[in-house]
Amino acid sequence: MLLDVAALTKTFHGQEGFPPRRTSLRALDGVSFQVGHGEALGIVGESGCGKSTAARATLRLVEPDGGSVNYDGQDVLAAGPKALRTLRRHMQMVFQDPASALDPRQRVGDALAEPLRVHRIAKGADLVRRVKAVLDEVGLPAAAAERYPHEFSGGQRQRIGIARALVLEPGLVIADEPVSALDVSVQAQILKLLARLKADRRLAFVFVSHDLGVVRYFCERTAVMYLGRIIESGPTSTLFDTPKHPYTVLLRSASPVPDPAAEVARSIPEGEPPSPMNPPPGCHFHPRCPLASDVCRAEVPPLRASDAGRVLACHNVE
Amino acid sequence: MNAAQSAPGALPALAVEGLTASLRLGGTWYDAVRDVSFQIAEGETLALVGESGCGKSLTAMAIMGLLPDKIGRMSAGTVTAGERRISGLTEKQMEKIRGDAVGMIFQEPMSSLNPVLRVGFQIAESLIYHRDMSRRAASKRALELMELVRIPAAAQRFRAYPHEFSGGMRQRVMIALALACSPRVLIADEPTTALDVTVQAQVLDLLRGLQDEHGLGILLITHNLGVVASNAQRVMVMYGGDVVESAPVGAFFANPQHPYSAALMSAMPRVDRATEDLNPIPGQVPSLQEMPAGCRYQGRCPLRVAKCAERPPLVAVSEGPHHLARCWVKAPPPGEGA
């Protein structure tokens with residue numbers, strides 16, 4: 001395994017109202033996943049389920065409270081500042097909105113050269129050559145290096161964001177909704193680019209998205225999160241063709257399909273995901289679950305192996 | 001030219017004829033929406049789809065008289081809601097139409113709601129303004145509307161502020177507000193784009209239910225073809241300000257005719273089947289200043305021929321009388337080969 005994340009927990013603290021009350025939000029409640037070389041793991045779920053926190057905690061962009069993260073045999077959470085910097089060279093991030101991830105006053109070429117300088121990987125002619133090569137790899141002309149981020153369209157800016165992640169030749173890319181801000185035609189360009197990079201470089205991905213179609217195209221395996229916990233995971237196509245956990249079933253049936261003959265989800269239960277500030281006891285999904293029984297209200301269902309490489313946390317489904 | 005679906009004699013809920021909207025960029029006026037015509041019958045949903053910058057939202061803004069002052073104008077066309085002509089009115093007259101004859105909901109309800117007013121009052125306000133109701137009667141009706149859009153514990157939440165609601169609940173408030181004066185037509189501009197899928201399904205289901213009950217005509221503006229398939233009866237695809245295809249939903253998804261529609265569909269990854277390969281559309285939408293003369297899609301089109309330098313008309317394809325496309329190759333006008 002290239003990346004092994006186990007039992008990650010993270011609670012955010014804040015205060016609210018007047019007089020101020022301390023509040024806590026359990027964003028990650030024992031999240032575990034593994035990613036192999038050249039493999040893409042999708043993490044899906046609705047707003048507030050903790051999918052972005054899970055991705056960021058893996059890189060320690062958010063410091064997790066507990067659990068473990070191992071990258072290629074190295075303990076990421078125990079790493080000191082120096083070791084962490086070396087590790088981050090191998091684990092890079094691509095964000096949803098490259099416009100806010102790029103410095104508007106820095107030329108694209110400088111933005112791409114900066115990580116190479118910081119990590120002392122290249123300088124002089126070698127640095128210029130590497131910048132050109134990575135621009136070419138993501139489908140941008142060499143002249144792009146002289147221009148500023150605002151001169152590019154959204155799709156091209158995402159190419160720049162990807163180039164900056166790639167320039168350090170990482171083994172793992174953590175992508176948080178990388179195509180969500182893009183129109184369909186441009187989204188397809190970027191997805192194809194990512195798929196090519198995955199194959200050519202044997203890159204591993206943790207791919208966070210709310211779009212099940214995008215995940216199905218890109219990810220071999222997918223984990224579904226609900227209020228800080230993974231509730232089902234498995235090979236993406238089986239997961240979406242025959243979802244087992246009632247929440248996966250709901251998510252799948254609520255996802256619109258471009259086919260007028262497809263059955264429309266008429267029986268979406270009322271109610272929205274409860275606030276992660278105050279999640280219900282037992283299985284977090286029980287208030288919306290058609291199969292909920294007494295045990296669901298009292299006990300957290302453990303994640304256990306189901307058939308065909310799937311893992312499932314439900315008291316009532318095998 | 002449009003495939004009117006309404007029963008003979010019945011007035012469409014909304015009729016748009018030859019709408020052209022222009023934007024001023026650097027001192028020059030450019031047509032950003034060109035010659036758009038359609039009708040929506042009562043109880044019908046017409047979906048307007050396309051990518052950013054195709055002119056779909058601008059069409060809605062032109063209909064509502066909301067084009068930005070000085071840099072936007074409706075340069076041609078008429079808009080009729082029921083028997084009332086609503087184009088060419090003064091701002092003062094338009095204020096009486098918006099929220100009354102025509103309701104509107106937008107993508108981000110938070111920016112349409114007043115953050116410092118209680119939601120119940122905001123709904124009632126529309127009734128006080130348009131219907132001359134007393135505060136008390138309007139409040140009573142507002143509460144009924146909140147129940148109609150299935151806001152749980154409506155009586156308690158009547159006095160809550162918009163920030164106390166979730167995104168889905170806010171969109172329900174917007175729908176209650178839009179329906180307060182019983183309009184015959186609702187313009188919904190990306191109404192569920194900011195919502196999670198399960199909440200999106202609930203809101204769309206609510207809209208369908210209200211439509212069945214009240215015979216509402218809906219103009220559904222969206223970029224999501226999945227939402228179109230499950231919610232509209234007819235679809236119009238826009239590209240570069242032109243309607244490039246117009247068809248009943250079934251015919252459209254079974255057999256998209258315009259090369260842009262076909263390309264959009266094969267660029268979209270699907271959750272319901274394995275997508276072996278995606279086919280991105282090369283290039284990007286040209287800016288208004290760089291729009292080619294003739295067919296605006298020609299620069300990205302695999303079927304391009306010399307004739308594309310002229311603008312093709314929107315005419316019926318051989319598939320059926322209600323299926324129109326604007327393409328010399330796929331929909332040559334009778335008697336004219338490409």
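In this predicted model, the centres of domain 1 and domain 2 of chain B, taken over C-alpha atoms, are separated by 26 Å. The domain assignment places residues 1–101 and 184–286 of chain B in domain 1, and residues 109–182 in domain 2. Between them, 13 residues of domain 1 of chain B are in contact with 13 residues of domain 2 of chain B. On the domain 1 side, H8(B) gives the largest share, seven residues. That side of domain 1 of chain B has nine nonpolar, three polar and one charged residues.

The next topic is the nonpolar interior. In soluble globular proteins, nonpolar side chains tend to be buried together. Here the largest nonpolar core has 185 residues, and those with the most contacts inside it are Leu41(A), Phe207(A), Ala176(B) and Leu219(B). Helix H7 of chain B, residues 167–179, supplies the largest share of this core, eight residues. Both domains of chain B take part, with at least three residues drawn from each of domain 1 and domain 2. For Ala176(B), the contacts beyond its neighbours within four places in sequence are Ile123(B), Leu145(B), Met146(B), Leu148(B) and Val149(B).

Helix H5 of chain A, residues 124–137, has 14 residues and reaches 20 Å from its first C-alpha to its last, close to the 20 Å expected at 1.5 Å a residue. Val131(A), Val134(A) and Leu135(A) are buried in H5(A). Seen down the axis of H5(A), the buried residues fall within an arc of 105°, so they line one face of the helix. An α-helix has 3.6 residues a turn, so residues three or four places apart point the same way. After H5(A) comes Gly139(A), which has a positive phi, near 85°.

Definitions and conventions. Residues numbered from 1 in each chain as written. Chains lettered and ligands numbered in written order. Predicted model: local features only at pLDDT ≥ 70, side-chain atom pairs only at ≥ 80, totals over all residues. Helix = DSSP H or I, 4+ residues; strand = E, 2+ residues; numbered from the N terminus. Expected span 1.5 Å × (residues − 1). Buried ≥ 20, exposed ≤ 12 C-beta atoms within 10 Å, placed from the backbone. Arc of directions from axis to C-beta. Domains from an automatic or database assignment. Contact = placed C-beta atoms within 7 Å. Nonpolar A, V, L, I, M, F, W, Y, C, P; charged D, E, K, R; others polar. Core = buried A, V, L, I, M, F, W, Y, C linked by C-beta atoms within 7 Å.
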